[in-house]
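Hi,

Here is the structure I promised to pass on. Have a look at it first, then read my notes below.

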Amino acid sequence: MLALRFPKPTALDNVPATIKLLILAFATSGIFFIETLGTMFLIFLAIAMFHFLLGWQIFKFSVKLLKPLLPFIAIMVFWHLYSRDLTGGLLIIMRLLLIVSLANLVTCSTKTSEIAEIIDKILGPMRFLNMNTQAISLSVIIFIRFTPIMLERHHILSLAYKCRSGRRPSWQIILPLILSIMDDADHVAQSLKSRSTFRV
Amino acid sequence: MEKNIVLISLFSASIAVLGLAPKVMIASGVPITAQSMGIMLCGTVLGAKRGALAVLLFLALCALGLPLLSGGRGGLGIFVSPSAGFVIGFPLAAYVAGWLTTRLKMINVFYSSLVGAITGGIFVLYIPGIIGMSITLGKSISEVTLIALIYLPGDCIKAILCAALTQTLFKLRPTNVLSRV
Amino acid sequence: MIEPKLVLNKISYKTFGRVILENLTLTLDEKSIGIIGKNGSGKSTLAKILCGLIHPSSGELEVYTNGNTKSFPRLDVGIVFQNPDHQIIFGTVEDEIGFGLKNLGYSKSEIKDKIAVTLQKFNKASWIGSSTATLSHGQRQLLCIMSIFAMDPKIIILDEIFSGLDLPTTKALENYLKELPQMIIQITHDLSILKKSDRIIWLDDGKVFLDGSPKSVLIEYSQHAQRNMKL
């Protein structure tokens, strides 16, 4: 279960995360003020070129990351064809693609630890809310450790269902999955407790 | 205390698993993922505060770049895409779902979690969701509401499933359904 | 020589209307004790009470580490459970062993030393830097034992740790356990492992059914099982 990163190192990797995030924030808000199709198209082209300059693999990867937006783009295409507002539609579609691809650029070129540090800094002032930092880091660790195990279990439950019903299950295996999660929770909690002698 | 940490983490992970599991086709032809049901479940099973924490943990890890949102989405892009409103509304949805499930202790678990799941997972979630879609797709609220209606049948089914699951879990593992403890 | 002792005084445990353990009064001070009984007889519940994970509904548990020095179950009684996947939380061997040590309040350098000493004691110094995901099932079970051992408990409870392990792995783990200086309380269905114990307690329906030397109890137990074969 790896974080989204570019397949190859890029020049962006060395830019400090805070700077990237600030630029992203400005760019994202700025893009919303662009109202002419021409300007938008130029910026769109510029960013596309930028991706291309980072390398063909990076370009392909970034395009792939935009796939989940297809349903929305499709809706926009039909909507604007129907309302005969092609320019408006193109504007919105390009804006969408631009904003998401810029955000993805930052995500894929920043180390997880850097982003974690930033999240830490944001949470810093909230420490007065009495948040237990050890609890948070333990939670993250347990999450990361158990997600693959759960996926595996989901897979096996699906197979077990399939071989007795001939079809793929949908909602039927959710109950056994969650039950096993709850039972696991008991065991893991006990294992934690048995080694956290004097913790709360 | 340990049980809280573990249940929150594991339910948080289950949101990811339910999102990564294959999509289901329902009658209206729209594929739905079980992910938003995971959000509702966090609320109805763990209660308001812990359910919201589980969802926040999930979102924090998504923000770190882990592709946990259904469709393998992750990173900062999820906070600027059309579904960003829904994503930001997730913790609130879980909180409300949990709050209602706990508050309505006097009635049967199924009905209280159904009310919780529908109120939190649909009414409360759709508000930021629709606002988010309106901003990113440049449409008016009423126009976007039409688009959002596509999700509605699927979400209703999920709410019912969520309530049924919560009821069964309460029967089988009452001490772990923290919303009713 | 530290001689630990567990004293149970009328310990009972009830939950959801069911009586799991009833009025257990025992003094455990032998070096190696085995607890046997059919599933549901209360063995695991007893184990969790002995290490302080759950509190008895009534009765008292006293832990003595040396003569009459009283101690706390959570501090001096360690427990290893059946499934290593439920116990291993961290991704590296060091983090896993270090977790309990951190909670005991050791400093970073002390933890590092203790981890090295523990790995050395079990002849697994090569495991430094290893990820827990690459270990086999038997190795992971050994890691769980090491993680508890590193915390220097005076008593270690092993709750069916050999379930599902193949014979070579079982034999290998047995060898490690033989060398441990602590008092070991083993819950297991595998009677051959308990042949060399000092004392066997047979629990049935939450009460002590038989309590004595392996010779007397184990024979009686297997004969009983033969006579009462039913599903």
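This is a predicted model: local features need pLDDT of at least 70, side-chain atom pairs count only at pLDDT 80 or more; totals for chains, interfaces and linings use all residues.

Before the helices, a word on angles: axes are lines fitted to C-alpha atoms, for helices over the stretch in contact, and angles run from 0 to 180 degrees between N-to-C directions. Helices (H or I, at least four residues) and strands (E, at least two) are DSSP runs, numbered from the N terminus.

Residues are numbered from 1 along each chain as its sequence is written, and chains are lettered from A and ligands numbered from 1 in the order in which they are written.

Let's start in chain A. Helix α1(A) (residues 17-31) packs against α5(A) at about 175°, with the axes 10 Å apart. That makes the two helices roughly antiparallel (the word is for angles over 145 degrees). Where they meet, α1(A) brings residues including Leu21(A) and Leu24(A), and α5(A) brings residues including Leu98(A) and Ile99(A). The contact (C-beta atoms, placed from the backbone, within 7 Å) has nine nonpolar, one polar and two charged residues. Here Ala, Val, Leu, Ile, Met, Phe, Trp, Tyr, Cys and Pro count as nonpolar, Asp, Glu, Lys and Arg as charged, and the others, Gly among them, as polar.

Chain A also meets chain C: 16 residues of chain A are in contact with 18 of chain C. On the chain A side, α7 (133-165) and α8 (174-195) each give two or more residues, and α8(A) has the largest share, with eight. By class, that side has five nonpolar, six polar and five charged residues.

Now for chain C. What is the strand order in its open sheet of four strands? The order is β2-β1-β4-β5, with antiparallel pairing (strands pair if DSSP finds at least two bridges between them). β2(C) and β5(C) stand at the edges with a single partner strand each, so one side of each is left without a neighbour in the sheet. From one strand to the next, the twist averages 30°. β1(C) and β4(C) pair over six bridges, and Val7(C) stands opposite Glu62(C) in β4(C). Helix α1(C) (residues 43-50) lies across β1, β2 and β4 of chain C, running at about 125° to β1(C).

Happy browsing!

Methods:
Two residues are in contact if their C-beta atoms, placed from the backbone, lie within 7 Å. Angles under 35 degrees count as roughly parallel, over 145 as roughly antiparallel, 65 to 115 as roughly perpendicular and the rest as oblique.
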